[in-house]
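Colleague: Could we go through this model together, one question at a time, before I look at it alone?

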Amino acid sequence: MTSATTVKTEYEAIIGLETHCQLSTNTKIFSTSSTAFGADPNTNIDPVCMGLPGVLPVLNQKVLEYAVKAGLALNCQIARYSKFDRKQYFYPDLPKNYQISQYDLPIAEHGWLEIELVDAEGKPTRKRIGITRLHMEEDAGKLVHAGSDRLSGSTYSLVDYNRAGVPLVEIVSEPDLRSGLEAAEYAEELRRIVRYLGVSDGNMQEGSLRCDVNISVRPVGRKEFGTKVEIKNMNSFSAIQRAIDYEIERQIAAIEAGDRIIQETRLWEEGAQRTSSMRVKEGSSDYRYFPEPDLAPIEVSDAQLDKWRSELPELPAQKRHHYENELGLSAYDGRVLTEDRVVAEYFEAAIAAGANPKAAANWITQDITAYLNKQKLSITAIALTPTNLADIITRIETGKISNAQAKEKLPDLLSGIPPEKAFAGQELITDPGVLEPIVDEVIADNPKELEKYRNGNINLKGFFVGQVLKKTGKRADPKLTNELVEKKLNG
C-alpha cells in the first residue's frame, strides 16, 4: 500500500505601500504657522489649523508646486482639474474632527518608479513599481502616551498640535512588490526622488517620511488576492523589510493551520520584532468623504505644468543608467554616487574637470566617504574642490605622484591645501638614470638579504623595493622601482 505524498503549497506575497511624505514648505498647507520641527508643544498653531469657528483655509501655492513636481518625477498623469475633500473621523489629535485630503480627484495618478536591486556579484536587477495615485492632504497632530508607547497601557495622553496642518503628499503604490527587500528599496528610492527634487527632507526619524504596508499572501498561481493586512509604526527601511518578512511568515502559518486572516491594522513592535493587532481596518465608506466646501477646485494650466516640468533635475535612476552605460561604472558605484544629489553633482563636476570617471568614483566612494563617515560630515563640508580632485587623479595617471602619496596627503587636501602646494617637491622620480644608482646602493648595503633572496626567498624583493622608496622619501616611481630591483637582484 503506497501512501500519498503531501505537496507543500508555495505562497507569494502581494505588497503595496502607502507613503506619507511631509513637504518642505516653511508654512502649513492652509495657514501661515511654521512647519519647523522640534518647537515647544502647541506653539506652531493658529485658528485655521485648530479648526476654530469662522476661519477659512487658503491653499499654500508651494504645496501645489511640490505635489505636481513629485507627481511628474514619478511619471504620473497630472490632473488639470482636482479638488479637496473632507475625510471624517474623530481622534483627539485631529482638531477639526475631519481631515482635508483628496479622494476621487487626486492631483496625480497612474505613474511608476524603478527600483534596482544589486546581487552579491554586483549584477543589477531592475523592476518598475506602479504608482496608483499621489494626493495632497494635511497632517494630524501627535499624541504622547504616558507610561506606554501606545494607547493601550498608558495612564494618560498629551496632545501636541504643532504637526496639525503640516502639508503632506500621500503616495500609494500598486501591489507590485513581492518581498520585504523590494518594499524597502521602493521606499528608499522614493526618498531619493523627493530629496533630489528638494520637496522633502525624507527624514524618517522626524516623521517626514512614514510608510504603511498593505500585505497579503496567496498560493502561487492563484489570481485572487488574499485578505489584506495593514502594518503601521515603521520608522526605518530595515524595519519595513523585517516587518514584512515577519508578516509573510505569520500569515502563511495561520493559513496552514486553518485559521482565517482578517482585514485589520497591525503595529510593528520593534523591541519584540513582531506585528500585533491594533484595530479592524476601516473602509473608505466609513470616512464619509464629501467635497471640501471652503476650498475652490484646483486647475493646473499647460504653461504652469511645462514650467514645473522644466525645473525637474536629473533623477537617481536616470543618473544610475548614465553612470553604468556611458561612464562604465559598476552598479554598486552608481548606487553609492546617486544616493545623495550633492555627492552625484560633486562627482559630475570632477568628471567635467577632466577626471577619469572610475578613478573619481573610487576616490569619492572609498577614501573621501570613509573620511566623511569618520568625521560625521557631508561632502559639502570638505574644502577639496572637484577641480582639485581631478588634478590629483591626473597627477597620478601621468606618473607625477603615486597613489600612496595622494592618500597620505588626503587630510591636507580635504582641508583645502591645493595639490600644487601639497605635492611641491614630491614629484615622482621616473628617470632610470637617477633611480639605478640608488637601487645599487640599497642592494650593496644589504648583503645578507641579497644572499637569502638568491637562495630562494623571493619575497625579499619587497624589502628592497621598500628600502628604495624609503631612501627617496617615497618619491621613487613604484613601477620603475620594481622593474629595476628585479633586474638587479636577478642579474
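Modeller: Let us begin with a term: helices are DSSP runs of H or I with at least four residues, numbered from the N terminus. Please keep in mind that this is a predicted model.

Colleague: With that in place, in which helix is tyrosine 246 found, and is the residue buried, partly exposed or exposed?

Modeller: Tyrosine 246 lies in helix 3, which covers residues 237-256. Buried would require under 20% relative accessible area and exposed over 50%. Because the relative accessible area of tyrosine 246 is 30%, the residue is partly exposed.

Colleague: What is tyrosine 246 in contact with, leaving aside its neighbours within four places in sequence, and how many Å separate its C-alpha atom from that of arginine 341?

Modeller: Once those sequence neighbours are set aside, the contacts of tyrosine 246 are Trp268, Gln273, Arg274 and Thr275. Arginine 341 is 95 residues apart from tyrosine 246 along the chain, and the separation of their C-alpha atoms is 33 Å.

Colleague: Which residues of helix 6 are buried, and why do they line one face of the helix?

Modeller: In helix 6, residues 331-338, the buried positions are Ala331, Asp333, Gly334, Leu337 and Thr338. Viewed down the helix axis, these buried residues fall within an arc of 160°, so they line one face of helix 6.

Colleague: Is glutamate 324 buried or exposed?

Modeller: The limit for a buried residue is under 20% relative accessible area. Since glutamate 324 has a relative accessibility of 15%, it counts as buried.

Colleague: Where is leucine 168 placed, and what is its relative accessible area?

Modeller: Leucine 168 belongs to strand 10, residues 167-173. Not counting residues up to four places away in sequence, leucine 168 touches a set that includes His20, Leu23, His135, Met136 and Arg210. Leucine 168 is buried, and its relative accessible area is 1%.

Colleague: Which residue in the loop between helix 1 and strand 2 has a positive phi although it is not a glycine?

Modeller: Most residues other than glycine have a negative phi. In the loop between helix 1 (61-73) and strand 2 (77-78), a positive phi of about 60° belongs to asparagine 75.

Colleague: What is the phi of lysine 376, and is the residue buried or exposed?

Modeller: Lysine 376 is found in the loop between helix 8 and helix 9 (386-397). Its phi is near 55°, a positive value in a residue other than glycine. With a relative accessibility of 77%, lysine 376 counts as exposed.

Colleague: How many helices and strands does the protein chain have, and what percentage of its residues is buried?

Modeller: The secondary structure comprises 16 helices and 16 strands. Of the 491 residues in the protein chain, the buried ones make up 46%.

Methods
Residues are numbered from 1 along each chain as its sequence is written. This is a predicted model: local features need pLDDT of at least 70, side-chain atom pairs count only at pLDDT 80 or more; totals for chains, interfaces and linings use all residues. Side-chain values use heavy atoms; hydrogens and water are left out. Buried means under 20% relative accessible area, exposed over 50%, partly exposed in between (1.4 Å probe, protein chains only). Helices (H or I, at least four residues) and strands (E, at least two) are DSSP runs, numbered from the N terminus. The arc is that of the directions from the helix axis to the C-beta atoms. Contact means heavy atoms within 4.5 Å.
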